[in-house]
Amino acid sequence: MASSPSNQQTLSGFPLLTAEEFDAACCAFLDRVHVVGDAAVGWSSIQVHQRATGSILRISRYIGLDSSSHPDGPWQGSRMDQESQWEALEDDPEALIRTPVPVACLQVLYDVLLSPTYQVPVLYFQLREDNQPAPLEIDTVYQYLVPDQYKKELRNVGIMGGISFGYHPDSGTPAFFVHPCQTTDAMRRIAEQQCVTPEAYLIIWLGLVGNRLGLQLPKELFTTESMPKFQGAM
Amino acid sequence: MDSKATLGSIQKAVWDGKLPLQITLAPAESRTYDETDPYLISYPRVSYLPSLLPKLRAFFSASLIDPTTSPHEGWFSFEGVPLKWHYPVGLLYDLYAGADPASKGGTDTDLASASDDDPLPWCLTIHFSDWPDEELVRLDADGMVMHDAFINSVKEADFLRNGNAKGIMTLSKEDSSGLWEAVRDVNLPSFQRISNILLPPPSQPFRNVPIRLFLPLPPDSGAPSLKVVQSPIPPSILPSTASATSIAASQSILSAARGPQTQTIGSALHTLLPHLFPSRRTPVLAKPVLHGAAVPMGRPLRRS
């Protein structure tokens, strides 16, 4: 298993992440997806962007709006020219918005960033219909992204549920985000006292937060050879 | 220093601070183009612009070309820049109006600003259609989005002070809504009662001081018109980090002798933005402004 030395180290301050650990986690996760193959995961792209404020793990996927795209159904999305989508995304995120999409579908752009306050990853996401400039409303998020078993739980916390509106810390544009104030407690409950590597932390976190917003991790990512060391049962 | 009375009176002065606003309906949405009478109000600096929307919608209702719009579809702009409604209006003014901050002995600048380009009243434009989705989060009719944004900010401050957000999370539902209502309605006694439940006692040091810096950016920078900088800042600086080059033995002696240093506004700014604040004591390239007033760099961060 090819992993960078930084990825082998366990976290210095679990359940918190440092910027270096977060960066190592993003890069290791990106490598894992590339090894399995971009097509196998059903995402239209995954990238790690380096910014002055830290790394951003960016995952983009399409959801077809036909009946088979129920949140609990298969998450393949529409497969049309993913290669060209990938290239369009490479440098200019806006290029993606202008790329013509032949069938009615939703585009979800997920950005995982490290919160400087909470020192845990935060999931920001934007949901757009075809090439419409206007972002979609929160009801659409619940309808198409949140699996049924999490709907009630997510709607019933906080002022307006577990999903908030805010501004993307890097681009400054409006985005949904999952408030991270409960993340440390949740991570502690799942991986109590474990010595996890940065990548294992990110994978557990994606299972916890991403899973509720339609960012399921395909099982192909967890073949025996590529499984990160959790040093204990999950 | 009898900090209690002083802090209380400063807080009252801040909450009493008002800004004259002159709000004009966007000409494209007005039956009389730019002939519509503006709405004038002396508005608290700590208030948020959307609280004005019901009044503005009623005031301009006869002038609107599209009478079907709702108050919560209203948004504000200043010189073409959409204003983020989740920042208090005083902060928006300090960022965008380009006015010199009030400072002690600053009579010269006061005269200068009065003579040529007086930024007051602050002239804003109100729009009820064409929401700028790329720049502003939409509001809802029930005000939940605003309430949520406010509470998220409080949670963040709570987390920085205590290392967890249990204070705000365990606040009764009544007090939690009460805190937002106190800010929305500019009710200082009610705000003080609830915020005192959240704040740790003065004897207990903060883990970090909640501080967020807003940098106005030039309009031609291509990026959003402001930049927000934030990082956990502890209330005191340990000597070991202050003298990193000392050799181990002498460092431990020095550390023991000096003890932790108090984090000042200047040292925090130098840590967060070393290029903009090369000195910890003197503002060289930029000066910090809080509630419209220049703040001295040497003041302790927590008490200021």
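Me: Which domains does the domain assignment give for chain B?
Reply: The model is a predicted one. The bounds come from an automatic or database domain assignment. For chain B that assignment gives domain 1 (18-127), domain 2 (144-198) and domain 3 (212-294).

Me: How many residues does the contact take from domain 1 of chain B and from domain 2 of chain B?
Reply: The C-alpha centres of domain 1 and domain 2 of chain B are 27 Å apart. Their contact takes seven residues from domain 1 of chain B and five residues from domain 2 of chain B.

Me: How do the residues on the domain 1 side of that contact in chain B divide?
Reply: The side in question is the one where domain 1 of chain B touches domain 2 of chain B. No charged residues are found there, and the rest divide into three polar and four nonpolar.

Me: Is S47(B) buried, exposed or partly exposed?
Reply: S47(B) sits in the loop between β2 (39-44) and α2 (53-59) of chain B. A residue is buried with 20 or more other C-beta atoms within 10 Å, and exposed with 12 or fewer. S47(B) has 19 of them, so it is partly exposed.

Me: Which residues does S47(B) touch, not counting those up to four places away in sequence?
Reply: Contact here requires C-beta atoms within 7 Å. Leaving out residues up to four places away in sequence, S47(B) touches P88(B), V89(B) and V186(B).

Me: Which strand of chain A gives the most to the side that touches chain B?
Reply: The contact between the chains takes 18 residues from chain A and 20 residues from chain B. On the chain A side, the largest share is four residues, and it comes from strand β5 (residues 163-167).

Me: Why is strand β2 (residues 54-64) of chain A described as largely enclosed by the rest of the structure?
Reply: The strand β2(A) has eleven residues. It is largely enclosed because the number of those residues that are buried is nine.

Me: What is the bridge partner of Q50(A) in β2(A)?
Reply: Strand β1 (residues 45-51) of chain A runs antiparallel to β2(A), and seven bridges join them. The two form a hairpin with two residues between them. In β2(A), the partner of Q50(A) is S55(A).

Conventions: Residues numbered from 1 in each chain as written. Chains lettered and ligands numbered in written order. Predicted model: local features only at pLDDT ≥ 70, side-chain atom pairs only at ≥ 80, totals over all residues. Contact = placed C-beta atoms within 7 Å. Pairing = 2+ DSSP bridges. Nonpolar A, V, L, I, M, F, W, Y, C, P; charged D, E, K, R; others polar.
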